[in-house]
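This briefing concerns a single model, its strand pairing and its ligand surroundings. Please consult the sequence and structure below before reading on.

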Amino acid sequence: MQTLANRPCATRRAAAARFGRQQCVKVLAVASGNSKPTVLVAEKLGSAGIDMLKQTCNVETAYNMKPEELCAKVSLVDALIVRSGTKVTRAVFEASKGRLKVVGRAGVGVDNVDLAAATEYGCLVVNAPTANTVAAAEHGIALLCAMARNVPQADASIKAGKWDRNTYVGTSMVGKTIAIYGFGKVGSEVARRAKGLGMSVVAYDPYASQEKAAAQGVQLVTFDEALAAGDFHSLHMPLTPGTKNLFGDSAFAKIKKGSRIINVARGGVIDEAALLRALDAKNVSQAALDVFMEEPPKFEGNPLIGRPDVICTPHLGASTTEAQEGVAIEVVEAVVDALAGKLSSNAVNAPMVPPEILKELQPYIVLAEGLGKAAVGLVKDSGFTDIAITYSSPRGDDLDTRLLRAMVIKGVLEEITTAKVNLVNADLLSKNRGLKLTEVNVRSGEGSEVLSSMSVALGTADSKFSAAVDKTKRIYVEGKVMNGQPFLTKIGNFDVELLVSGSVLLTRQRDQPGIVNISFMTVSRTAKDGEAIMAIGIDTEPSPATMEAITSVPGVVECTIFKEVLPSNSN
Ligand SMILES: NC(=O)C1=CN([C@@H]2O[C@H](COP(=O)(O)OP(=O)(O)OC[C@H]3O[C@@H](n4cnc5c(N)ncnc54)[C@H](O)[C@@H]3O)[C@@H](O)[C@H]2O)C=CC1
Ligand SMILES: O=C(O)C(=O)COP(=O)(O)O
């Protein structure tokens, strides 16, 4: 095969000038035209974040909205920023009528966002995973100390005019064991601080690394061991189907008798009715709660809040001035990036791609989308039922294909549906269309390059250009990145060399001299005097009459326009 490198320079330059536009990866189709995107801020956000947002977006603030008010507003905005107080339900995504592209959670927990609905509607959810970690850990320690030394009760007593030095005798923390449940960002910061108080720390976290725990002098134990060991139990896991009501009757039956529990994670992790029973039975002697199953909780007659052995704060874990400024900036950066079509490392419902990996993948992402578009562009009316992607890479199975796969699906589906496909919803949309998707990783090539080549094959397809169908009866296109540029290198069984860009006229003709004479083109043949295909870069689509004229050229077997191989969102 002729390669770009050994082609005459003029042809290379012509090809590059014609098709070599600089491309950037856009994973979300967001703002249209030149208008600024509109962002609705539904809960109080640090002023630094609001100021930053105003630089690139129209900002609307509306706090304490009723669900129906949120639904009414959401179809007018491109992004929504919330904290934990706003429920972003399926109804919200439905009401947005496809306009809402990003939900930013100015904090960690996204249990107030219906992630399945967000994904279905192609809406990216981003959060601010790091800026409130220390604040939450400090609040955990504040509750630990306040509970152990009865600070809120004593304060209430003295404010009621009493000087009672006997009722509020506390318990010491030094030398005691604290069991941490969820040894993530907050949990490990709590561990660090508890060590400073002279406590022993054990942790239960089925996904935590032994090394990381050991480095902090923390012993990882089973759930039951943690329950049995802890004089204090501090909860720091997310609310998931697996952690919901984890602290129920069965856990409280095993908990160290008379121990104390702190919850700065999520209300639903503790079954509140079971906690009441455990407090009554003195299995648990005190509880400190920042979070509740329902927020705000019902106050009237609430047996938990009124108890002297329970102290409460109204979900204040992240509420420091510093943390609120921090999460505001963190979430606004993620939202603005997402609105600009960039991938965010704070994405919650899409693969997180670190910036350095993204940079490395960039030309391959354009290639992947281009191959998807190219393959589907060759399908005739009968459609196709499966997509087979093969990655040939020196990394073999170590290659992370999620992004490349999403871009192939985007390339394929956006040609045949009105759906806007992005990294968030690509897998789901292809599944919903009943498309069978297979991926094969082949170890090939050497060095550190991401891919030596990649192919997309569409099965059971009737092609409008029969030469695109390979021996296995699939429409087959293959490509590779050369000199940082994505090239289509094979159509069916024919080798070609086309920059993945622009529209292309494909003809198949008998291989004989002098039948077409065009300056820029790529020609490939199977054997001398056999058949050849020719790909010609074109600016405007030829008229049907021209197409007919080409087809009637002696020797030309078939001819088609291979439209816009260039990914549509790239510019
Ligand atoms: N009260 C507040 O204002 C705040 C609450 N939070 C909450 O604190 C929690 C922890 O936040 P981060 O540390 O930032 O999250 P993280 O993701 O860094 O850590 C969570 C840890 O929980 C572990 N985990 C998951 N399932 C578990 C299970 N079944 N049992 C035990 N461990 C499990 C994970 O492996 C992970 O290590 C979250 O629920 C978050 O929403 C965070 C900030 C403020
Ligand atoms: O970040 C979290 O998970 C929190 O719970 C903080 O919630 P908030 O932003 O204060 O409503």
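Val41 has Ile81 in S3 as its bridge partner. The model is predicted, so local features need pLDDT of at least 70 and side-chain atom pairs count only at pLDDT 80 or more, while totals for chains, interfaces and linings use all residues. Residues are numbered from 1 along each chain as its sequence is written, and chains are lettered from A and ligands numbered from 1 in the order in which they are written.

**Sheet**
- Strand S1 (residues 38-41) pairs with strand S3 (residues 79-82) in the parallel sense over three bridges; pairing requires that DSSP find at least two bridges between two strands.
- An open sheet of five strands has the order S2-S1-S3-S4-S5, with parallel pairing; strands are DSSP runs (E, at least two residues) and helices likewise (H or I, at least four), numbered from the N terminus.
- Strand S2 (58-61) and strand S5 (124-127) each have a single partner strand, so one side of each lacks a neighbour in the sheet.

**Ligand surroundings**
- Around ligand 2 lie twelve positions, among them Arg83, Asn132 and His315; a residue is near a molecule if its C-beta atom, placed from the backbone, lies within 6 Å of it.
- Of the 30 residues around ligand 1, Gly109, Gly182, Gly184, Val186 and Gly317 come nearest.
- Helix H6 (133-148) and helix H8 (185-196) each give two or more residues to the ligand 1 shell, and H8 gives the most, with three.
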